[in-house]
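Please keep the sequence and the structure in view while reading.

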Amino acid sequence: MVLVSVLSNALNSLTNAEKRGKRQVLIRPASKVVVKFLSVAQKHGYIGEFEIVDDHRAGKIIVNLKGRLNKAGCISPRFDVAVDEIENWVGRVLPSRQFGCLVLTTSYGIMDHHEARRKHTGGKVLGFFY
């Protein structure tokens with residue numbers, strides 16, 4: 001398997017483990033972006049607790065799954081999104097406006113599209129989960 005993107009590989013392994021009905025999944029390598037993305041998904045209740053294992057290399061993350069995640073994906077390249085364009089992206093990427101999140105990286109940190117709209121800031125699109 002060729003490492004295309006650390007975030008893309010992490011989200012693919014999350015989605016595949018969820019489809020197989022697994023309770024836990026091991027994500028490697030770990031990165032700050034993946035940890036922040038997982039914390040946003042955890043805040044919304046799509047995944048359970050996760051633990052970062054330091055193996056003196058790239059690191060590993062063990063994620064407990066809840067069975068609520070249908071799909072998680074990375075959007076590459078990381079397109080610029082202004083505040084007024086967020087709604088267009090939500091309509092394009094998510095299956096419904098009622099559930100799921102678009103994850104953005106902004107100057108205030110990595111957050112979902114609801115928080116970005118509250119803080120009235122745009123940024124770059126990282127990915128999505130629903």
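Q: Which residues line the largest cavity?

A: Rolling a probe the size of a water molecule over the atoms shows where empty space is left. A cavity is, on a 1 Å grid over the protein atoms alone, a set of points where a 1.4 Å probe fits but cannot get out, and lining residues have an atom within 4 Å of a point. Here the lining of the largest cavity consists of Leu11, Leu14, Phe37, Leu38, Ala41, Leu69, Ala72 and Phe129. The model is a predicted one, in which local features need pLDDT of at least 70, side-chain atom pairs count only at pLDDT 80 or more, and totals for chains, interfaces and linings use all residues. Residues are numbered from 1 along each chain as its sequence is written, and side-chain values use heavy atoms, with hydrogens and water left out.

Q: How many cavities of 30 Å³ or more does a search of the whole structure find, and what is the volume of the largest cavity?

A: Volume here is the space filled by probe spheres set on the grid points, which are joined across faces, edges and corners. The search finds one cavity of 30 Å³ or more, and the largest cavity has a volume of about 30 Å³.

Q: Which helices each supply at least two residues of that lining, and what classes of residue does the lining have?

A: Helices (H or I, at least four residues) and strands (E, at least two) are DSSP runs, numbered from the N terminus. Helix H1 (6-20) and helix H2 (32-43) each contribute at least two lining residues, and H2 gives the largest share, three residues. Ala, Val, Leu, Ile, Met, Phe, Trp, Tyr, Cys and Pro count as nonpolar, Asp, Glu, Lys and Arg as charged, and the others, Gly among them, as polar. By these classes, the lining has eight nonpolar, no polar and no charged residues.

Q: Is Thr15 buried or exposed, and which residues does Thr15 touch?

A: Buried means under 20% relative accessible area, exposed over 50%, and partly exposed in between (1.4 Å probe, protein chains only). Thr15, a residue of helix H1, counts as buried because its relative accessibility is 5%. Contact means heavy atoms within 4.5 Å. Leaving aside residues up to four places away in sequence, Thr15 touches Asn70, Lys71 and Ala72.

Q: What surrounds His113?

A: His113 belongs to helix H4 and is buried, with a relative accessible area of 3%. Not counting residues up to four places away in sequence, its contacts are Ile86, Val90, Leu94, Gly100, Cys101, Leu102 and Leu104.

Q: How many bridges join strand E2 to strand E3?

A: Two strands pair if DSSP finds at least two bridges between them. Strand E2 (residues 47-53) and strand E3 (residues 60-65) run antiparallel and are joined by five bridges. Phe50 stands opposite Val63 in E3. The hairpin of E2 and E3 has six residues between the strands, and His56 there takes a positive phi near 60°. Glu51, found in strand E2, touches Lys60, Ile61 and Ile62, not counting residues up to four places away in sequence.

Q: How many salt bridges does the structure hold?

A: Side chains of opposite charge can pair when their charged atoms come close. A salt bridge is a side-chain nitrogen of Lys or Arg within 4 Å of a carboxyl oxygen of Asp or Glu. The structure holds five. One of them joins Lys124 to Asp80, with the closest N and O atoms 2.6 Å apart. Lys124 lies in strand E8 (residues 123-129) and Asp80 in strand E5 (residues 80-81), so the pair ties together parts that are 44 residues apart in sequence. Lys124 counts as partly exposed at 35% relative accessibility, whereas Asp80, at 54%, counts as exposed.

Q: Where do Arg117 and Glu87 lie?

A: The side chains of Arg117 and Glu87 meet in a salt bridge (3.0 Å, N to O). This pair links distant parts of the chain, with Arg117 in helix H4 (residues 113-118) and Glu87 in helix H3 (residues 86-93), 30 residues apart.

Q: Which residues do salt bridges with shared partners join into one network?

A: Lys119 and Glu115 form a salt bridge through their side chains (3.4 Å, N to O). Salt bridges that share partners join Lys43, Glu115 and Lys119 into one network. Glu115 is buried, with a relative accessible area of 17%, while Lys119 counts as partly exposed at 40% relative accessibility.

Notes: 1 Å grid on protein atoms, 1.4 Å probe; cavity = no way out; pocket = protein on both sides within 12 Å on 5 of 7 lines; lining within 4 Å.
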